[in-house]
Amino acid sequence: MKEQMMKTKEMIEMNNELRKNLNDENKIFYENLLLYLRIEGFSRDENKIETHLLMILQDILEAQNDGITAETYFGKNPKTIADELLAEMPRSPLEVIKTGLYAVMGYMGVSFLPDLMTAGKPVDIGALGLSGLYLFGIVLILFKYIGRTIYNVNIMIQNKILKFLAAFVAVSIGIAPVTLIEILVKTPVRFQLDGWFGIIVIILGLLIGAFFFIRQKDKTFGWPFVIYLCGAGVLGIMTRLPKIGHFLMATQNGRYIVVGIIIVLLMVFWLWNVIIAKKLKKLDESK
């Protein structure tokens with residue numbers, strides 16, 4: 001399994017490099033096909049999908065060298081080709097369950113430290129699990145929608161502001177229940193992590209997070225989360241220290257400081273993601 005995962009990773013990296021040689025027309029054709037196959041290929045054999053994608057890319061590059069466009073080479077309906085390939089790879093229910101468990105555990109891990117930002121508030125593991133399960137369901141629906149609209153878009157919003165507003169409203173509607181679940185749902189699986197025990201748990205959480213972050217090859221998207229989670233962890237430790245914690249949690253000025261720190265952390269997280277998105281867009285346009 002490990003060797004297969006490494007092979008898949010190598011093929012993805014090779015694909016990313018070879019795509020730089022595509023001309024504009026072929027790049028649009030191939031990247032639509034790539035996106036469709038990867039999204040519709042969810043819970044299928046990833047190694048086989050990446051193998052097919054790499055073979056198709058190599059065929060397109062060879063045709064491009066001969067002056068033949070990808071559309072001429074493969075035809076005007078690439079969706080048919082993609083669907084035929086996907087039909088040879090049935091979905092695996094176990095893969096869906098495994099991915100769902102990873103997604104829920106990942107969400108719980110990312111949400112754990114922010115939930116410990118302030119002392120005196122119990123951590124509801126059950127509610128975090130339900131929120132993660134809900135988000136996984138939303139992601140599946142989103143993937144299905146994107147997959148179906150890649151080759152069948154009937155309505156296009158040209159105005160950038162309207163696009164942004166539509167995306168913002170859709171995301172807000174989709175994510176709103178997560179907050180409601182964590183506020184309204186109370187499960188028996190709750191833990192009170194105050195005092196020095198809570199501090200030890202936070203430090204362990206930070207160390208585990210640092211371990212996984214260091215292992216990541218591409219840390220671009222991870223930095224905003226690292227800054228936010230480290231800030232949440234430090235704040236959680238401060239609110240649990242005897243004297244400092246009493247000032248932050250029991251006095252009006254202290255509570256203002258806590259709210260201010262949380263707002264700053266959220267702003268840094270948001271701004272950092274905007275900067276990353278702009279850099280990636282510039283890199284994509286320069287290719």
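A residue counts as buried when its relative accessible area is under 20%, as exposed when that area is over 50%, and as partly exposed in between. These words are used throughout this report on a predicted model.

**Overall make-up**

The protein contains 12 helices and two strands. Read from the N terminus, its elements follow the order α-α-α-α-α-α-β-α-α-β-α-α-α-α. Of its 287 residues, 31% are buried. The accessible surface amounts to about 18,800 Å², and carbon and sulfur atoms make up 68% of that area. Where contacts link residues at least 6 apart in sequence, 79% of them join residues at least 24 apart.

**Helix H9**

Helix H9 covers residues 195–215. With 21 residues, H9 extends 31 Å from its first C-alpha to its last, which is close to the 30 Å expected at 1.5 Å a residue. Gly198, Ile199, Val201, Ile202 and Phe213 are the buried residues of H9. Viewed down the helix axis, the buried residues of H9 fall within an arc of 160°, so they line one face of the helix. Helix H6 (93–115) and helix H10 (222–238) are among the parts that cover these buried residues. The other side of H9 carries the exposed residues Trp196, Phe197, Leu207, Ile214 and Arg215.

A nonpolar patch lies on the surface, formed by Ile200, Ile203, Leu204, Leu207, Ile208, Phe211 and Phe212. Together these residues have about 710 Å² of accessible area. One of them, Ile200, belongs to H9. Ile200 is partly exposed because its relative accessibility is 49%, a value between the limits of 20% and 50%. Leu207, also a member of the patch, is one of the exposed residues of H9.

**Helix H10**

Helix H10, one of the elements covering H9, has 17 residues. The buried residues in H10 are Gly222, Pro224, Val226, Tyr228, Leu229, Gly231, Ala232, Gly233, Leu235, Gly236 and Ile237.

**Salt bridges**

The protein has five salt bridges.

| Glu17 | Lys20 | 3.3 Å |

In the salt bridge between Glu17 and Lys20, Glu17 is partly exposed, at a relative accessible area of 49%. Lys20 is partly exposed as well, at 46%.

Asp83 and Lys79 both sit in helix H5 (residues 78–87), where they are four residues apart, about one turn of the helix. Asp83 has a relative accessible area of 30% and is therefore partly exposed. Lys79 has a value of 31% and is likewise partly exposed.

Asp124 is buried because its relative accessible area is 9%, which is under 20%. Arg190, in contrast, is partly exposed, with a relative accessible area of 37%.

How values were computed. Residues are numbered from 1 along each chain as its sequence is written. This is a predicted model: local features need pLDDT of at least 70, side-chain atom pairs count only at pLDDT 80 or more; totals for chains, interfaces and linings use all residues. Side-chain values use heavy atoms; hydrogens and water are left out. Patches are made of residues with over 30% relative accessible area and no salt bridge: like charges are joined within 9 Å, nonpolar side chains (Val, Leu, Ile, Met, Phe, Trp, Tyr) within 5 Å. Accessible areas come from the Shrake-Rupley method with a 1.4 Å probe; for residues, only the protein chains shown count as cover. A salt bridge is a side-chain nitrogen of Lys or Arg within 4 Å of a carboxyl oxygen of Asp or Glu. Buried means under 20% relative accessible area, exposed over 50%, partly exposed in between (1.4 Å probe, protein chains only). The expected span of a helix is 1.5 Å times one less than its number of residues. The arc is that of the directions from the helix axis to the C-beta atoms. Contact means heavy atoms within 4.5 Å.
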